[in-house]
Structures are given as C-alpha cells and as structure tokens.
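Here is a short tour for a first look. Keep the sequence and the 3D view side by side as you read.

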Amino acid sequence: NVGLTKDAVEIGKAYERAVECVGQDIAANAVWNDYINFLKNSKVANQYEKSQNMFQLRRAFHRALLVPMHQMERLWSDYEEWEKAADPNNPHAAEVLLREWEPKHKAARASFKDRKKLRDSIAQAERASSVLSALPGPCTGDQKEKAVLDAWMALINYEKSNPQKMAAEDLRRRVGFTLKQALSYLPLYDEVWYQAANWSAEMGDVEGEIKTLNKALSMKGDSLLLHLALAEKHEMAGNVAAATQCYETMCEKMPGPLVYIHYMRFERRCKGVAQARAIFKRGRQSSHANTWELFVDAAMREYICNKEERTCRNIFDKGLKSFGSEIQFVLKYLDFVTTTNDDINTRVIFEKVLSDDNGLSSQHALLVWNKFLEFEYSRGNLSAMHKVEKRRAMAYPDQHCHTGLAQLARRCRFHHLWPCGPAELSLLGIDQDSTGGSSGASVEVV
C-alpha cells in the first residue's frame with residue numbers, strides 16, 4: 001500500500017503520462033489495470049484525499065472503458081463491482097452511472113472487434129514484408145511494403161470515422177495516437193506524415209500542422225512532395241514570407257523544373273505577374289531547371305492567366321530554338337497556335353517545326369504531320385488538305401494507309417464516326433480501336 005507521499009504523487013503522474021502516451025493502444029489493458037490498482041491501493045489520510053482518490057479512480061475507469069482493447073469484459077466487471085461498493089448508502093447513484101456507461105463500453109467492445117481485425121492485417125502485412133526486418137527505411141515501391149502502408153491507412157481511416165461517436169477531444173487523442181504509432185513503424189513514408197499534418201488541420205491546429213510537416217522534413221529532407229505541402233500550408237495560412245522561404249529552400253536543394261514551375265505559379269498568385277516572370281528568368285539561368293517543361297508552363301500561364309497571347313508566343317518561339325527536337329514541346333506549341341485562330345501563322349509554325357533544321361526524328365515528325373493534317377481537315381480547303389496528304393505520303397512512302405481510299409476514309413472521319421464499317425476498315429489496314437483524335441490526322445505512333 002502506498003500513502004499520498006511525494007513518491008506516490010510522482011508515481012501517479014508517471015501513470016498519467018503512460019496512459020496519455022499509450023493508453024489508446026489495443027494492448028494497453030495491462031497499463032490501465034496497473035494504474036487502476038495503484039489508485040485502489042493508495043492510502044488516504046482524510047475525507048478530502050478520499051474524495052479526490054475516488055474522483056481519479058472513477059475517471060481512470062471511464063477513460064479505460066472507452067478504449068477498444070483486450071480483456072474489456074474483465075474491466076467492465078471490475079468497474080461494476082467497484083462502483084457498487086463505492087457508496088453502499090447510495091446504490092441508486094451507482095445504477096445511474098452504470099446505465100450511462102454500459103452502452104459506451106459496449107460500443108468500445110464492438111469497435112474492438114473491427115480494430116483487432118485491422119491490427120491483425122497490419123501484423124500480417126509486416127510479417128510478409130521487410131519493413132520490420134531492419135531499421136525503418138523509405139518505401140522502395142515493393143508491393144509488400146505498399147500492403148503495410150495500406151493496412152496502416154485502413155486503421156487510420158477507421159479511427160477517423162469515429163465508430164464510437166466519441167467527443168471531439170477523445171477522437172483527437174485516438175486518431176493522433178494511431179498516427180504516431182504508424183509513424184513509429186513508417187517514419188520515412190510521406191503519406192503518413194501528410195495524413196498526420198492534415199489531421200492537425202482538421203482539428204483546427206494550424207500550428208500543429210506546420211510543426212508536423214517541419215518534423216517530417218527533418219526526417220525526409222529530400223521529399224519534394226513534403227516541401228511543396230509545407231509551402232502550400234504557409235500560403236493557405238497567409239504567411240507568404242514563409243512560403244517564399246520554402247520555395248527558396250527547394251531551389252537550393254532540388255532545383256529542378258517542377259520546383260521553378262510551382263514557384264512561378266506561387267509568385268503570380270501571391271505577388272504578381274512581374275515576380276512570376278522573374279522566377280522564370282531565374283529558371284532559364286539554372287542548368288537544372290532550363291527545360292522544355294519550364295517554357296511550356298511559363299508560356300501557358302501568360303496565355304491562360306495573364307491573357308498575353310503575344311508574350312506566350314514569344315516564349316514558345318524562344319523555346320523552339322533550344323527544344324525544337326523535343327516532340328512534347330513541339331506538340332504543346334502546336335496545341336497553342338491552333339487555338340489562336342491565326343491560320344496563316346499556324347501554318348508557318350508547322351512548316352518551321354517540320355524543317356530539316358529542327359532536328360525531329362522521323363517517328364516524331366510523323367506525329368507533327370498527323371497534327372498538321374488534323375489542322376487542315378478542320379480549317380483548310382480540299383486543295384490544302386490534299387497537298388499536306390501528298391507531302392506526308394512522300395515523306396513516308398511505306399505507310400500505305402496514308403494513300404488512296406484509306407486516306408479518304410481518314411479524311412472523312414469524325415471522332416468515332418467512320419464512313420465505312422469495321423470490315424472495310426480492316427481491309428484498308430485501319431485499326432479502328434487504336435486510332436484516336438478528331439479526324440484521320442489523329443496522333444498515332446508508328
């Protein structure tokens with residue numbers, strides 16, 4: 001037996017700390033039982049201490065009764081016995097409390113069954129993988145590791161669904177504990193950190209959300225996803241200076257085109273067009289970020305967001321000098337010019353990218369020819385269509401489906417509508433299912 005000495009008070013604090021940290025675990029029954037027994041055996045010197053002890057003991061029972069864990073039936077029996085003996089002169093009070101807490105305890109017992117299945121799934125997935133065979137590491141893409149992550153996410157989502165209909169604070173504690181447990185097993189998995197940060201946000205704890213992402217980056221400083229997540233959170237909170245610092249950190253540590261693309265978009269949203277263009281200039285000067293993707297995004301931001309068609313065209317023209325042999329850049333450029341309703345200039349661009357000086361491979365040039373025909377089929381006259389068809393046929397004499405009746409079928413087609421049936425298309429060498437686009441000039445890979 002322990003009296004209310006200084007040591008007893010410290011032991012009580014230690015138990016409180018223990019149940020606060022691990023009291024939500026499915027195997028926490030031993031900790032709760034020890035704590036309850038400690039309170040039962042505590043000596044009291046006066047009525048005040050007795051009253052305080054009963055309050056703490058009842059509170060411990062009530063908290064434990066809500067936790068879906070092992071040996072819940074025994075816990076209820078102990079509580080029922082204690083409650084009835086707590087005040088023999090007032091049995092009605094015990095009955096009221098037991099009637100209030102029995103349905104809550106039954107909900108926890110029902111949740112225990114679901115929770116145990118989910119925890120068993122985690123254990124099974126971990127045994128099948130290498131997650132616990134060595135020090136925790138990042139996900140390698142192995143399906144067995146993904147199964148472990150999926151199993152943990154299933155448990156996290158289950159707890160978030162609040163099957164016991166707990167109060168907000170109890171739910172916050174339960175889900176927070178589950179996320180911490182997941183991170184103890186998977187400390188280098190971005191998804192778990194992101195879920196933990198979002199949970200803080202859902203609970204209205206913006207500071208906790210930012211703190212969680214900063215902690216995540218202390219573990220995984222090379223995660224571009226987490227850096228971008230932190231920048232977004234700062235921007236949403238209105239802390240533009242902190243978000244700017246996030247992007248500067250990314251430019252320093254991982255200066256790829258995607259970083260500069262998002263930095264440009266952030267600057268345009270929060271500071272203005274001139275600032276976004278300044279980041280584009282910095283990106284062009286970076287050996288890591290000066291790619292066709294940077295030019296395409298900068299150009300399309302000018303066109304879509306700033307309504308600056310001329311500036312967009314200038315960026316594409318400048319990019320064409322460096323990335324004229326990059327088929328993806330060329331196709332993006334052509335997608336843009338065909339929406340400007342400037343047919344004469346569009347034909348000039350097609351001719352420019354198809355010139356020998358541009359350096360496109362034969363296979364990639366065919367994609368451009370197909371796009372050129374698609375443009376003429378929708379805008380040009382029959383003479384223009386026939387000229388481009390003839391030029392493409394001369395450039396690719398082995399492509400028999402680009403001549404004769406097959407070419408007529410392609411020219412007269414619209415989306416999935418063909419001027420002949422499947423049997424005739426097969427005879428013409430046309431695969432109806434593999435051809436996409438709005439006309440016979442659809443982009444096909446030879």
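## The model

This is a predicted model. Residues are counted from 1 along the chain.

## Nonpolar cores

Start with the largest nonpolar core, which has 85 residues. Met250, Phe316, Phe329, Tyr333, Leu334, Val353 and Val368 have the most contacts inside it. Helix 18, residues 362–379, gives this core its largest share, nine residues.

Now look at Val353 in the largest core. Set aside its neighbours within four places in sequence. Val353 then touches Leu320, Val330, Leu334, Asn358, Leu360 and Val368. Two of these contacts, Leu334 and Val368, are also on the list of residues with the most contacts inside the core.

## A buried threonine

Is Thr346 buried or exposed? Thr346 has a relative accessible area of 1%. The cut-off for buried is under 20%, so Thr346 is buried.

Thr346 sits in helix 17, residues 343–354. Beyond its neighbours within four places in sequence, Thr346 is in contact with Val337, Thr338, Thr340 and Phe375.

## Cavities

How many cavities of 30 Å³ or more does the structure hold? There are two. Helix 13 supplies the largest share, four residues.

The second largest cavity holds about 40 Å³ of space. Asn29, Asn33, Met69, His70, Gln71, Arg74 and Leu75 line it. Here the classes are two nonpolar, four polar and one charged. Helix 2 (29–40) and helix 4 (72–86) each provide at least two of the lining residues.

## Salt bridges

The count comes to 31 salt bridges. One of them pairs Arg173 with Glu169, with the closest N and O atoms 3.5 Å apart. Both residues belong to helix 7, residues 168–185. They are four residues apart, so about one helical turn separates them. Arg173 is partly exposed at 23% relative accessible area. Glu169 is partly exposed too, at 40%. The pair also belongs to a network of salt bridges that links Glu20, Glu169, Asp170, Arg172 and Arg173.

Asp335 and Lys371 meet at 2.7 Å, N to O. Asp335 lies in helix 16 (residues 327–337) and Lys371 in helix 18, so this bridge ties together parts that are 36 residues apart in sequence. Asp335 is partly exposed, at 33% relative accessibility. Lys371 counts as buried, at 13%.

Arg379 forms a salt bridge with Asp343, and their closest N and O atoms are 3.1 Å apart. This pair joins helix 18, which holds Arg379, to helix 17, which holds Asp343, across 36 residues. Arg379 is partly exposed at 33% relative accessibility. Asp343 is partly exposed as well, with a relative accessible area of 24%.

Key
This is a predicted model: local features need pLDDT of at least 70, side-chain atom pairs count only at pLDDT 80 or more; totals for chains, interfaces and linings use all residues. Side-chain values use heavy atoms; hydrogens and water are left out. A nonpolar core is a set of buried Ala, Val, Leu, Ile, Met, Phe, Trp, Tyr and Cys residues joined through side-chain atoms within 4.5 Å. Buried means under 20% relative accessible area, exposed over 50%, partly exposed in between (1.4 Å probe, protein chains only). Contact means heavy atoms within 4.5 Å. On a 1 Å grid over the protein atoms alone, a cavity is a set of points where a 1.4 Å probe fits but cannot get out, and a pocket is an open set with protein on both sides within 12 Å along at least five of seven lines; lining residues have an atom within 4 Å of a point. Grid points are joined across faces, edges and corners, and a volume is the space filled by probe spheres set on the points. Ala, Val, Leu, Ile, Met, Phe, Trp, Tyr, Cys and Pro count as nonpolar, Asp, Glu, Lys and Arg as charged, and the others, Gly among them, as polar. A salt bridge is a side-chain nitrogen of Lys or Arg within 4 Å of a carboxyl oxygen of Asp or Glu.
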